[in-house]
Amino acid sequence: MGNCAQGFKDFFCRPKNTNVRVSLPAVCFVWQIAMIILFGVFIRYNEEADTHWVEHKKSHNITSDIENDFYFRYPSFQDVHVMIFVGFGFLMTFLKRYSFGGVGFNFLIASFGVQWALLMQGWFHTLDHSTGKIYIGVESLINADFCTAGSLIAYGALLGKVSPVQLMVVTLFGVTLFAVEEYIILSLLHCRDAGGSMVIHCFGGYYGLAISWVLYRPKLHLSQRLNGSVYHSDVFAMIGTLFLWMFWPSFNSAITDHGDGQHRTAINTYLALASCVLTSVAISSMSQKTGKLDMVHIQNATLAGGVAMGTAAEFMITPYGALIVGFCMGIISTFGYLFVTPFLEKYLKIQDTCGVHNLHAVPGMLGGFIGAITAAAASESVYGKEGLISTFDFEGSFKDRTPGTQGGFQAAGTCVSIAFGLVGGALVGLILRLPIWGDPADDNCFEDEVYWEVPEDEESIPPVLEYNNHMIHKHQDISESNFSVEQS
Amino acid sequence: MGNCAQGFKDFFCRPKNTNVRVSLPAVCFVWQIAMIILFGVFIRYNEEADTHWVEHKKSHNITSDIENDFYFRYPSFQDVHVMIFVGFGFLMTFLKRYSFGGVGFNFLIASFGVQWALLMQGWFHTLDHSTGKIYIGVESLINADFCTAGSLIAYGALLGKVSPVQLMVVTLFGVTLFAVEEYIILSLLHCRDAGGSMVIHCFGGYYGLAISWVLYRPKLHLSQRLNGSVYHSDVFAMIGTLFLWMFWPSFNSAITDHGDGQHRTAINTYLALASCVLTSVAISSMSQKTGKLDMVHIQNATLAGGVAMGTAAEFMITPYGALIVGFCMGIISTFGYLFVTPFLEKYLKIQDTCGVHNLHAVPGMLGGFIGAITAAAASESVYGKEGLISTFDFEGSFKDRTPGTQGGFQAAGTCVSIAFGLVGGALVGLILRLPIWGDPADDNCFEDEVYWEVPEDEESIPPVLEYNNHMIHKHQDISESNFSVEQS
Amino acid sequence: MGNCAQGFKDFFCRPKNTNVRVSLPAVCFVWQIAMIILFGVFIRYNEEADTHWVEHKKSHNITSDIENDFYFRYPSFQDVHVMIFVGFGFLMTFLKRYSFGGVGFNFLIASFGVQWALLMQGWFHTLDHSTGKIYIGVESLINADFCTAGSLIAYGALLGKVSPVQLMVVTLFGVTLFAVEEYIILSLLHCRDAGGSMVIHCFGGYYGLAISWVLYRPKLHLSQRLNGSVYHSDVFAMIGTLFLWMFWPSFNSAITDHGDGQHRTAINTYLALASCVLTSVAISSMSQKTGKLDMVHIQNATLAGGVAMGTAAEFMITPYGALIVGFCMGIISTFGYLFVTPFLEKYLKIQDTCGVHNLHAVPGMLGGFIGAITAAAASESVYGKEGLISTFDFEGSFKDRTPGTQGGFQAAGTCVSIAFGLVGGALVGLILRLPIWGDPADDNCFEDEVYWEVPEDEESIPPVLEYNNHMIHKHQDISESNFSVEQS
């Protein structure tokens, strides 16, 4: 069991031990204590969350509490929060016997991820060098959710094949890599990427795929019986799909500019998503002899429009532009589920449980390029002089940048996110191959029994068993009079 | 199979072909492409979502971005969005084998509906005749969700008996009819109907019932085994119920006047809903010999209070007035489920799967009349001079209208919505009887297998089968020694 | 059946009659009518929800509708509303055959509770003595939801063992007791408790435990087969867990001060919850031989951090302070589920179905004391002069109170809430022992069949039965040729 070969790889071939009784509590405790210490040293409330807000208001001539950033962003924050925990979590309940792991491990790693993200993003983006402190507010919480999303996307590729300890490692490095690539893309390259087509989806998708490639399991077919859904698990997964779909306008607009920025981003995302549903359905139906729909496509491809609008939604892409993006993404993503995922598994040795390639990696990458094109096409006549500056932040050391140049940097940013995902994922994958993490055997993947206390019976069993027992009794009556049958 | 007779009706009697592999993708692609073209010609961002917002602020002396309509309405919009996709969608998962169709087709038609609604409502309400453009913002998105709700309500009556292509047709015409009746009721008759008792629920309910009447299936009893719930599907449906129930205050207040308008509407709706739950429970319990509750009533009748407050909630109906409305609606709606739905099916040939008659049609109609009475009873002493004008928009060409006249117009508006629902539904029903839409046979309704790839096993089956296999082995031991039994 | 002894207790020993056909409708109707009358006499819209808002704005120099309290609090209100109905409701669906009762009775009693709470809290807190009216707005709705939460927590301890009529009684008295203790704690003792560690969770938890103690069922083991979850019911419960967890920042911040108050409270709660997840997972994993996780802990203990931050979250507890609180609560709460709940049942005769002792009572109590310590440690150097006054409301007759004194009063408030819970619960428990309420027999607890029309089959049964029938036929072939077996 395992992906073995002679020589130094023997190290990796001991029989699988899925006992995480020491490693999981150790990781949780040690890392959480580390968080407390680092928060103690670095993290403080920012001026809008501190009791000195009263004085801040006076000194900044703010006339009303409603100007506190909390009221601009908190509703969007809560929507994003729902996407991270219910959206991603329930989307991953679709497997017949891995719903606990899908929603439960997502809960665990996201809870760790947001803490680590507050630190990592703080160090890179908002550290006050005079005091050495990171000052956090509601926008920091949203960014932490975003940052964690990258690792949750990677989990989608790994679903059912890794241990919770491995997932914690994926998150630790995922958040770290995210903060670095985000710094390069947003600060050094000065890209705009409010909804994170590049920094979140493209990075997270390729990160997960690269890890999955390194962790390739040639004998995964031994768990094939569990790698599928049942009727009700598919309905549970629709909870995840719909909350992601509905709140995606909030996701993309959560940290865009106050006023028209948030407003326009929400509209564009809403339109792209609506359009994406129709083409996903169309391709799904075309792919079956009798036009039946496949729940995998409905659960996933319908969301690709939101992913692809993560960069361009805050630009003046126009409402019909948004519809066109959604239109294409529904087609591309559904084709991905139909043809590319099997291809990846067969020829590139990438096992991608949730198909993050089609939902995040490719739509994210395309979203980055769509953003680049939209930015390059920007002009003062469309945006207005002030609008152009505020939309692209052509201020400070970037005040001479033109839309054309900006488009080039946006495209470069997309490449940076792919590179970080692939290289980072490959390295993290190697770490995860150490035989200390308690990952499941090839014939035991997609199975909650490995890491969860699973209740014994479905409620439908008692009557059936009773029925069978009744039969057994009759059976035994038969047996006893004629043969000797051992009791079961 | 089918509702056949001699003569010209033979056309309708060919054996059912549920293959939608051509028609569904064709409809999705062609209509989506049409949307893109029409959006390209007509739809633009409004001044609050456009990058020129900075200049707009200056020219209108707006001091803060928080005055952007986005911040007044976006949280309500998201709640409404949840109602449309999760609320309506999951409420329709209650059937034992039609949960995919319930939530999935709802997702499809709502995604198309909102796009078409932005155009239709735009042409009727917000088209700028000087530029020929429709300028959209967050309020447009809410209105589009509202407009689509009418068709989703109609789907409730048709659930399990129609194909996805037929549902797209229902939505296309539903949205169109909605926009027209809304224009007549709100613009020509100058009615107030913020939460849409008349324009949404009354219209949508009668629209669905009329379609269902034309599509009457005399042999629907052949699918009777599937026309019911199982334990977990009822729990899924409660997700829909609760999200509808909780967010109904947002639904009714989403497009009411800023300030006291939204505030009062939310309070009234909240109270009517709370009251409605108690009387629904009471009647449900009374209707059973031992006082047991029926999930159908809890899932549906508890919402009737929100429907009936769609018009009056923004008026000064008083908190106890709201409670009274909810009180009566719980009783009426539950009685409807107990007695009227069976009556409609038996004597009026209307098969109403979800009972939209009791949840939308009647409470919507009564809500229209409650609105009329509340409007007629309005007075300056209660509303204040300015309050009366702003609540009823007695401005411009309507500045001489009295509350009494307004009441009369409100009642007339309700009648218009009923007429549009009944006549429009009957015509659309005739279109849907063409034998080209791929609708299911009478013995194949309420069955996801027809339009969905359904996973084969429930997770509870493997252990049971294993158990049975074990028995079979024992059995075969027995058999082999005595008889010849063919292997199953 | 029942907890019987000789003498006067014979009164309590008649065979159980679970027919609620008279009592449940009677309670619903009479109490709802009482609500309507009392609302008619007492409840009016406040100045921000009344049509006179236009004039109010002018007379108070309010320049924008966005200053209406609706926009400060409505998004938080909706989140709290979701917690009350979906959060509490779905958390209680975890039992294999009591999901209808869990979510359905929660719906019923919360709908009654919020109405009664508006009255009770109005009389104690906001009655205008000059007009004799209670003026309500969005903050009243939030407070009503809070007040009801106390009774819903108590329901957690009683889940599956009481009738809906008893639950209505629990709510009637629970809301009443809540309003009194809240008045003592917040108004007389002038404690701060925005998120209700003391007034909601500590009170509610001990209230439920005391009732459960008086209603002790020595023969509850007769229902043991039903006192557990199945796979999908655990996934349903995760919906409840996650919506509670995600929206807890809104819960604690819903009625804190505008501006920094709401902002800081949300951040602190978010951090405590994140930290709590990691330690809950750690202890859960440590408690099992192979490190497997227990869904009970993940569903419940992960929330304890939010409970414990209910008082201190609005203070300057610092971000790392919040993490420490969550860290400890995850440990304490999970240990509670492992050791204290069995201990309570065995030695103290307290049957606590959902473990509210570990999720609400103890974390609430500790949250009260954490609040006391944090308050006592407050200083002008940290809070600023104005910040200290506004955070603790050191105004009016309390303007000379010091943080140290405030800490003492906070601790006293916690004791008041415990006393109210225990004494009130014991008294209510005695009332509930009257044999008129229709509660279930000891061998019939945790069973929806008692109070609900339950659909007959799971969808998984038909194929299995068919299979068995096939076997029966074969079996009968065997039988008929050799023996005489009676048909089942």
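Tutor: Across the interface of chain A and chain C, one salt bridge is found. The model is a predicted one, and in it the partners of this bridge are the side chains of A:Lys58 and C:Glu386, with N and O 2.7 Å apart. In general, side chains of opposite charge can pair when their charged atoms come close.

Polar contacts also join the two chains: 28 residue pairs, both members at pLDDT 80 or more, are counted between chain A and chain C. On the side of chain A that touches chain C, several elements of chain A each supply at least two residues. They are helix H1 (23–42), strand S1 (43–45), helix H2 (53–59), helix H3 (69–91), helix H4 (99–126), helix H5 (138–158), helix H8 (231–253) and helix H17 (461–482). Sorted by class, the residues on that side comprise 53 nonpolar, 23 polar and 17 charged ones.

The extent of the interface can be stated in two ways. Counted in residues, 93 of chain A are in contact with 91 of chain C. Expressed as area, about 7,900 Å² is buried between chain A and chain C, and carbon and sulfur atoms account for 71% of it. Within chain A, the residues that lose the most area to chain C are A:Tyr45, A:Thr51 and A:Phe107, which together make up 10% of what that side buries.

The relation between these two chains comes next.

Between chain B and chain A, 28 residue pairs are in polar contact, both at pLDDT 80 or more. Among the elements of chain B that give two or more residues to the side touching chain A are helix H1 (23–42), helix H4 (99–126) and helix H17 (461–482). That side of chain B has 53 nonpolar, 23 polar and 17 charged residues.

In this second interface, 93 residues of chain B are in contact with 91 residues of chain A. The area buried between chain B and chain A is about 7,800 Å², with 71% coming from carbon and sulfur atoms. Chain B superposes on chain A by a rotation of 120° with 0.0 Å of shift along its axis, at an RMSD of 0.0 Å. Here the C-alpha of chain B nearest the axis is that of B:Pro75, 3.6 Å away from it. Only 19% of the interface residues of chain B are also interface residues in chain A, so this pair of copies likewise meets through different surfaces.

Finally, some context from the rest of the structure. Over all chains, the structure holds 30 salt bridges. One pair that meets the rule within chain A is A:Glu139 and A:Arg73, whose closest N and O atoms are 3.5 Å apart. A:Glu139 lies in helix H5 of chain A and A:Arg73 in helix H3 of chain A, so the pair ties together parts 66 residues apart in sequence. Chain A itself is divided into domain 1 (75–455) and domain 2 (464–488), and the C-alpha centres of these two domains lie 55 Å apart.

Methods. Residues are numbered from 1 along each chain as its sequence is written. Chains are lettered from A and ligands numbered from 1 in the order in which they are written. This is a predicted model: local features need pLDDT of at least 70, side-chain atom pairs count only at pLDDT 80 or more; totals for chains, interfaces and linings use all residues. Side-chain values use heavy atoms; hydrogens and water are left out. Contact means heavy atoms within 4.5 Å. Buried area is the accessible area (1.4 Å probe) that two parts lose on being put together, summed over both. A polar contact is a pair of N or O atoms within 3.5 Å; within protein, one must be able to donate a hydrogen and the other to accept it, and residues adjacent in sequence count only if both atoms are side-chain atoms. Helices (H or I, at least four residues) and strands (E, at least two) are DSSP runs, numbered from the N terminus. Ala, Val, Leu, Ile, Met, Phe, Trp, Tyr, Cys and Pro count as nonpolar, Asp, Glu, Lys and Arg as charged, and the others, Gly among them, as polar. Domain bounds come from an automatic or database domain assignment. Copies are superposed by least squares on the C-alpha atoms of residues with pLDDT of at least 70 in both. A salt bridge is a side-chain nitrogen of Lys or Arg within 4 Å of a carboxyl oxygen of Asp or Glu.
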